[in-house]
Structure formats: structure tokens, C-alpha cells
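Please open the model in your viewer and keep the sequence panel beside it. The tour below moves from one selection to the next and says what to look for at each stop.

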Amino acid sequence: MGRDRRKLPIIENVEITNVAAEGKAIAKIDNKVIFVTQVVPGDIVDVQVIRKRKSFMEAVPILFKKYSEIREKPFCQHFEICGGCKWQNLPYTEQIKYKHQQVIDNLQRIAKVELPEIDYILPSEKTTFYRNKLEFTFSNSRWLTKEEIANEGKLERNSALGFHVPKYWDKIVQIDKCWLQPEPSNKIRNEVKKYADQNELSYFDLRKQEGFLRTLIIRTSSTGELIS
Amino acid sequence: MYIINSKSNDSITDQEVLLFSGKDHIFEQMEELKFKIGPKSFYQTNSDQAYNLYKITREFAGLTGNEIVYDLYTGTGTIANFVAKNAKKVVGIEYVPEAIEDAKVNSEINQISNTSFFAGDLKDVLNTSFINEHGKPDVIITDPPRAGMHADVVNSILQANPERIVYVSCNPATQSRDIQLLDKAYKVTKVQPVDMFPHTYHVENIVLLEKRK
């Protein structure tokens, strides 16, 4: 990939105009579509093209010239490092607007059939703590944040109980609070980690394929019952 | 509960679950129905919104109590059991045998007697002899995985020739592809997107297709 990248251009002052499938956003330049990650509509960014095809390009932002006015401050401390809840930087009302539009776009472009009037998307009443099941991974290869690396010398024990870091199959981000599952999910996970650390139980090593603790699944139900 | 997994991957479907203490299952409730959930059971992860999704599905199915309903990709039979009281009978089909066992248990614990469940690959199961044996469906409800339906399954649905198809999808692209294949015989009459997963880009969509006159 690095070899090709030298030939691929940087495009300046790209205005992001819409949301595309799979969480990417799009911009249009000279009628050519660019799919960009980590941005929201309204952002103006300089992008590095990482893939070029006849009808479209893929790019990543390298410099934000202007942040979109619709951006919202993510509520989760693990946002961006963790692979989940990637749209926290968009207000919920915008999220569902784009989801609704995505359904219509697909029906018009792929199905190409006559359509009735389409009812507006039904939002989820709960936007946090709505899941009844989560699976956490134990790993002896904890993802270190930029801040931790900057404070060299203070690095703690290299183990984590949390979620996979996107694109790094063996790296796990330590989760201290997850906003997806109602309590006592966070309490259980943090207590399990404390117990494991106190008793020096080994965390799984994905590369060597060894270790005692591997995954933790917690399931809760609206009746108040839970299993793990 | 715990699993001693000595494999290189961490999927638990083929692993034995051992009970350390407490119960090995919980119940989820929807209206007067209870659904039993074990460590390996499939169940929609947003329970509140799953209830809304199934209510719309049931409404789109337009059941009066006289219909034979087929529920394709039935999973643990949640939709099948949820609509059973409004139908004459419901036939659920699903690839994963363990899920079908859960579906039967869910009928049993709710004293539902007009459902039947079959495990197998839909493109092989849903043929003329199956339909002759279990009755021609008036309504087909289908809730396939992200890849959508196999083209053979779409053809089997066309063969089965129901009055209505309720298509529940977690991937509007494959759903649209399949709707295109059904278009010659079925007209889209209702569309209702539903958000099951806030802060993600995933979207669920329910479409009602009615037979062209």
C-alpha cells in the first residue's frame, strides 16, 4: 500500500457533503465521488487519496480545515480507539436522517421499483444502554493511547479486558465504561478484571495462543435477569 | 457459566458450556410471551426496539387468524412465536439446528401449539413437496442475514406464490437487490425503516410486498 501511496494525490479543501454506506462519508469533486473515513457532512478537510478507481476514490483526512457545525462531542471516553459507536460525533437526529436516506437510496438505485410513500424511520427510544449482550476480550496486548505513550515510563501492566481495536486483530482497548449495556454490565466487567489482576490470572495471548482468561460474555434481559 | 476453549478461535457455538453457579438461562419478555435465552442463543440485541420491529412486522403481515404463515430464517423462532396467535399456523425454517431447538422450546413454554419448525438450508427445504405437505403459505415473513436471500430462495418464494411477503432486513442493499428480483410478481406497498443500533451506521428496514393483481 505504501508503495502506491506516493503516486496518489493529496486533495485540499474537500467539503464533505453526505453519508455513504458502511459509515463512510462522501464528497464530490468534478462529479467524481470520494469516500472519506472519520469525517461528517459539513467538515472541510485535506485528504490523502489511498485508493483510486475509475468511478470513485477512497481517502483519509490528514488536516481538518473546518469542523462541521453539526458535529457533536462524543460522550464516551473510548470513542475512536474503540471500534463501536462510531457515529457519536453526529447528533442522533442526524444519524437517523442519514439512515432513513440510505434506505431510500438503496430502494431507488438498486431495487429501482415503484415505491409508496415511505414512513419516517422509527428512532430507538434508548440511545445508550440499549444492548442486552456484550462480549469482551481478555488480552495481554493492551492498546496504549497516545497520551500513555507520551508519558513514557509510567506504562502500566500490559493487559486489557475490552474490545478489539479496529484493524488490529491482536490489540484490545481497555474499557472502563461502556455505554451500550445497562448496569450491572460495567460493574461485572470491572470487578472481573480486578479479581483477575489480584489473583494474577493470565490474560490470553492471541499471538502465542495461550492464557487462562479469553472472553467474557454478559447477557442481560428486560426482566432484570442476567447471565455471564 | 464458563467454557474451556482450547481452539484457536473464540467462537463458542461448538463448545460445551459448564455451569459454575446460578441458572444457565434467562428469560426475555415480549407482551405475554417469554423467550428462553442461553449463552449461545441468538436474540435481537436491542430488546425494546426488537419489540417495535416485530409489532410492525405483524401489522404488515395483516393476519386475521386464518392464514398459513411461513417464517424464513426464523432463528430461535421469535417472530414465528410472536405472530402465532394471529395466524392459523406458522412454519419456521432456519439453517442452524440448535436455533430450531430453541424455537420449539419457546413455543412449548408459551403453550403455542400452531407452530412447527424445520432445520435446513432454505434453498433445499423450501420446495414443492414441502409446500404440499405443510400447506401453501398466505404470508411469507423473511428475515435473512446481511447477505440477503439466495436467488434460489427468491425463486422458491415466487413458486410458493403467497399473497403478501414481509421482508425484514438489516442490510438495505441486499434487500433492494432481492426486491428487484420479486418485482415482476410483487409490488412494494409499505416501507418502514427502524433504528436498532444508535451511534452505528446500521439500519433495519421492513418492506411489505403484495401480489400484483
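A residue is called buried here if 20 or more other C-beta atoms lie within 10 Å of its own, exposed if 12 or fewer do, and partly exposed in between, with C-beta atoms placed from the backbone. This is a predicted model, in which local features need pLDDT of at least 70 and side-chain atom pairs count only at pLDDT 80 or more, while totals for chains, interfaces and linings use all residues. Residues are numbered from 1 along each chain as its sequence is written, and chains are lettered from A and ligands numbered from 1 in the order in which they are written.

**First stop: a proline in a loop of chain A**

Select A:Pro166, which lies in the loop between E8 and E9 of chain A; helices (H or I, at least four residues) and strands (E, at least two) are DSSP runs, numbered from the N terminus. Is A:Pro166 buried, exposed or partly exposed? A:Pro166 counts as partly exposed because it has 14 C-beta neighbours inside 10 Å.

**Second stop: the two domains of chain A**

Colour residues 2–66 of chain A as domain 1 and residues 133–227 as domain 2, bounds that come from an automatic or database domain assignment. The centres of these two domains, taken over C-alpha atoms, are separated by 33 Å.

Two strands pair if DSSP finds at least two bridges between them. Select strand E1 (residues 10–15) and strand E5 (residues 44–52) of chain A, which pair in the antiparallel sense over four bridges, and find A:Val14, whose bridge partner in E5(A) is A:Val45. From E5(A), move to strand E6 (residues 56–66) of chain A, which runs antiparallel to E5(A) and is joined to it by eight bridges. A:Val45 also stands opposite A:Phe64 in E6(A), and the hairpin formed by E5(A) and E6(A) has three residues between the strands.

Next select strand E2 (residues 18–19) and strand E3 (residues 25–29) of chain A, an antiparallel pair with two bridges, in which A:Asn18 has A:Ile26 of E3(A) as its bridge partner. Five residues lie between the strands of this hairpin, and A:Glu22 takes a positive phi near 60° in it. E3(A) is in turn joined by five bridges to strand E4 (residues 32–36) of chain A, again in the antiparallel sense, with A:Ile29 opposite A:Lys32. In the hairpin of E3(A) and E4(A), which has two residues between the strands, A:Asp30 takes a positive phi near 50°.

Show the strands of chain A in the order E9-E8-E7-E10-E11, and you will see five strands forming an open sheet with antiparallel pairing. Its edge strands are E9 (168–174) and E11 (226–227) of chain A, each of which pairs on one side only. Helix H4 (residues 185–198) of chain A packs on the sheet, touching E7, E8 and strand E10 (215–220), and its direction makes about 155° with that of E10(A); such axes are lines fitted to C-alpha atoms, for helices over the stretch in contact, with angles running from 0 to 180 degrees between N-to-C directions. Within the sheet, E7 (residues 133–139) and E8 (residues 160–165) of chain A pair over three bridges, and the partner of A:Thr137 in E8(A) is A:Gly162.

Turn now to chain B, which has seven helices and nine strands, and whose C-alpha trace spans about 60 × 40 × 35 Å along its principal axes. Of its 213 residues, 44% count as buried.

Which chain B residues touch chain A? Two residues are in contact if their C-beta atoms, placed from the backbone, lie within 7 Å, and 40 residues of chain B are in contact with 47 residues of chain A. Strand E1 (26–30), H1, helix H7 (172–182) and strand E8 (186–194) of chain B are the elements that give two or more residues to this side of chain B, and E8(B) gives the most, with eight residues.
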